[in-house]
Amino acid sequence: PASLADRTLPITNPLPFTMANFKPFQLALSTLLVLLNVSHISSEWPCPLDTEFAPCICTEEDLTINADCSGAKNDAELIIAFSSQFPFPTFNNLLIDHVVCSDCNLTNIGQLSFGPVSFVHVTIQNTAIQTVHESTFQNSEETLLSLDLNTNNMNTFTFEVIPQFKKLRVLNLAQNSFTREAPIPAISSTSLQILILNVNELSFEADLVRGCQNLTKLGLQNTKITEIPMDIQDTFGMFYDLKYIKDINFASNDIYEIGTSTIQGTKNTLGSIDISNNKIVLLHPEFITGFGPDGELNMSSNKIVDIFEEVWTSVIHELKSIGIGKINLDDNPLRCGCDVEWLVRDQTLMEVIVGTATCSDNVTLLNTVTVEDIENCP
């Protein structure tokens, strides 16, 4: 009779594979092994043999099967490990972390690196990886929920294959080696919810995430951008018509100016918007609209001088309905002159700004400016 290794159990719904899903078949399978007179089954069941899977380690934990390949020093070792016989080819987690590996030289992950195996969650970090083949995770197109490739040395990525991953929710490419010379194309995905591109040098257009209709969180912190792009006609921003966008991080960039309608939460979903630690001097009316019930705006550590009513009134009135302390203007050279008269005369509006904001002297608190201080305003 055929050995167990020659037989394949049909998997009709591989996402996610858990031991709980397998248990209804365990008794029948055990009976089958007896009938087939199989004399040996590995003690590592349902993992492959340790000696065959080395330097990777397979574990069954919390009713899921996981693979830790942090011991694989290069792609050749991955290929050998994943040439093993797998009782079940769907792993819940794959981890490769070379943070403590001084002699590792994993510079690329090829088409055959993971053999016939599929994954639900992938984390590969702190490696020297420069490229990942476009077909590396082809077997995971129906299972992959999160792909975390942070803190590597990647200077390119095949964003064009993202639509093939039908259930991908999280893509993290933070802290790699992307440059402006290779612009990030428009990304399209019906499932993607979180996209993190922090700590790279990026170039992209206004349509970067418009094809991700379920996106809720975008990280573009410390990406060396000088503007938040708009369409050529300057009428639609990056987030136009995104129904679920909530948290956006533009912190620690070189943004100087934000135009009208640059950040739009068209369905009133905006939550935490961080544009702190930039070089913002110029803001246009309604530069941001569409806050939701968790809305807050961080514009600390910029170069904002004036809080003109025509620029800020819509933002402050939106956030006033949510609560106090929703706009952070700390560490800005605020003039605290006639430009804030409209706030001074309505303390309910002033309360929307975090109470630690100071004027340009770095001593006077904005919320302590009185009507008498501005009585000579025209």
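Where is Ser301 found? Ser301 is placed in the loop between β17 (291-298) and α4 (309-320), where helices (H or I, at least four residues) and strands (E, at least two) are DSSP runs numbered from the N terminus. The model is predicted, so local features need pLDDT of at least 70 and side-chain atom pairs count only at pLDDT 80 or more, while totals for chains, interfaces and linings use all residues. Residues are numbered from 1 along each chain as its sequence is written, and side-chain values use heavy atoms, with hydrogens and water left out.

Most residues other than glycine have a negative phi, and most peptide bonds are trans. Ser301 has a phi near 55 degrees, a positive value in a residue other than glycine. With a relative accessible area of 24%, Ser301 is partly exposed; buried means under 20% relative accessible area, exposed over 50%, and partly exposed in between (1.4 Å probe, protein chains only). A positive phi, near 60 degrees, is also found for Asp331, a residue other than glycine. Asp331 belongs to the loop between β18 and α5 and counts as exposed because its relative accessibility is 52%. The peptide bond from Ala54 to Pro55 is cis, with omega near 5 degrees. Pro55 is located in the loop between α2 (50-53) and β1 (57-61).

Aromatic pairs were assigned from ring geometry. A pair of aromatic rings is described by the distance of the centres and the angle of the planes. Rings of Phe, Tyr and Trp (its six-membered ring) pair if their centres lie within 6.5 Å; planes under 30 degrees apart count as stacked, over 60 as edge-to-face and the rest as tilted. The count by this rule is 15 aromatic pairs. Phe82 and Phe114 form an edge-to-face pair, with 5.2 Å from centre to centre and 90 degrees between the planes. This pair links distant parts of the chain, 32 residues apart: Phe82 is in the loop between α3 (75-81) and β3 (90-97), and Phe114 is in the loop between β4 (108-109) and β5. Phe82 and Phe114 are both buried. Phe82 also forms an edge-to-face pair with Phe119, at 6.2 Å centre to centre and 80 degrees between the planes. Because Phe82 lies in the loop between α3 and β3 and Phe119 in strand β5, the pair ties together parts that are 37 residues apart in sequence. Phe119, like Phe82, is buried. One aromatic cluster is formed by Phe53, Phe82, Phe86, Phe91, Phe114, Phe119 and Phe137.

Strand β5 (residues 118-125) also contains Ser118. Ser118 is buried, because its relative accessible area is 6%. The side chains of Ser118 and Thr90 are joined by a polar contact of 3.0 Å. A polar contact is a pair of N or O atoms within 3.5 Å; within protein, one must be able to donate a hydrogen and the other to accept it, and residues adjacent in sequence count only if both atoms are side-chain atoms. Leaving aside residues up to four places away in sequence, Ser118 touches Pro89, Thr90, Phe91, Asn139, Ser140 and Thr143, where contact means heavy atoms within 4.5 Å.

Cys336 is situated in the loop between β18 (327-328) and α5 (341-344). Its relative accessibility is 13%, so Cys336 counts as buried. Cys336 touches Cys359, Leu366 and Val369, residues up to four places away in sequence not being counted. From Cys336 to Asn367 the separation is 31 residues in sequence and 9.6 Å in space, C-alpha to C-alpha.
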